[in-house]
Amino acid sequence: MTDRPEILGPAYRQRAIVPAKTALISVDMQNADCAASKRHANTPESAKYRYFYDRLDNLAIPNQQRLHAATRKLGIENIYVTIESLTKDGRDRGIDHKASFINNPRGSWEAQVIDEVAPADDDIIVRKTASGPWGTTNLDYILRNMGFEYLIVFGVLSDQCVENTVRGGGDLGYLVTLVPDACATYTPERQTFSEAAIKGYCRQRSTEELLAELASL
């Protein structure tokens, strides 16, 4: 076979997805960080994160909505990864989240996905208490049970939880497509650096490019 990674090299990661073997992974698009009430507030706190909120409003969320619609039309599984403790006081959290004072209690408003990209009734939600889902949840188990080999990844923050999801997915043998213009982080410099740093673990496609690929399938 000539399509093996040891023959194709980096080109192996650039192959188009196979819908029946693909899952879309939305990372941390939840009220704790992305709620409309935070994005549209007029406070010193909202001013501090204005680039992030504007990128969500004007770029990332509209693109995510289009990608959710297009992938669902093809029957591609939409899976949501969120930060949510298994307990109300967060005693089950990872050390980093405890030290960072991050706790979205079980069943809380903060843990819910924002309305603009809310899960459908039968979508899968995987809850984590660390930056990445691979060593802290059963996501890999779910994906392998369902026969998925390709992942489409987007969400927040680009250079933290999204990167962790992409890198870990690549290490575990998934072919990952990152959609940078459906992601957001706190500064344009961090966004640019993240896109450059993660290239070795995934292929990158704009929303328009990926929608065109999906339409061709």
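A polar contact is a pair of N or O atoms within 3.5 Å; within protein, one must be able to donate a hydrogen and the other to accept it, and residues adjacent in sequence count only if both atoms are side-chain atoms. The model is predicted: local features need pLDDT of at least 70, side-chain atom pairs count only at pLDDT 80 or more, and totals for chains, interfaces and linings use all residues. Residues are numbered from 1 along each chain as its sequence is written, and side-chain values use heavy atoms, without hydrogens and water.

**Exercise 1.** Describe the surroundings of Asp123.

*Solution.* 
1. Judge exposure. Asp123 is buried (under 20% relative accessible area; exposed is over 50%, partly exposed in between; 1.4 Å probe, protein chains only), because its relative accessible area is 17%.
2. Find its side-chain partner. Asp123 and Arg72 are joined through their side chains by a polar contact of 2.4 Å.
3. Check the backbone. A polar atom of the Asp123 side chain lies 2.7 Å from the backbone nitrogen of Ala120.
4. List the contacts (heavy atoms within 4.5 Å). Leaving out residues up to four places away in sequence, Asp123 touches Arg72, Asn78 and Tyr80.

**Exercise 2.** Sort the lining of the second largest pocket by class.

*Solution.* 
1. Ala, Val, Leu, Ile, Met, Phe, Trp, Tyr, Cys and Pro count as nonpolar, Asp, Glu, Lys and Arg as charged, and the others, Gly among them, as polar.
2. Count. The lining holds six nonpolar, two polar and three charged residues.
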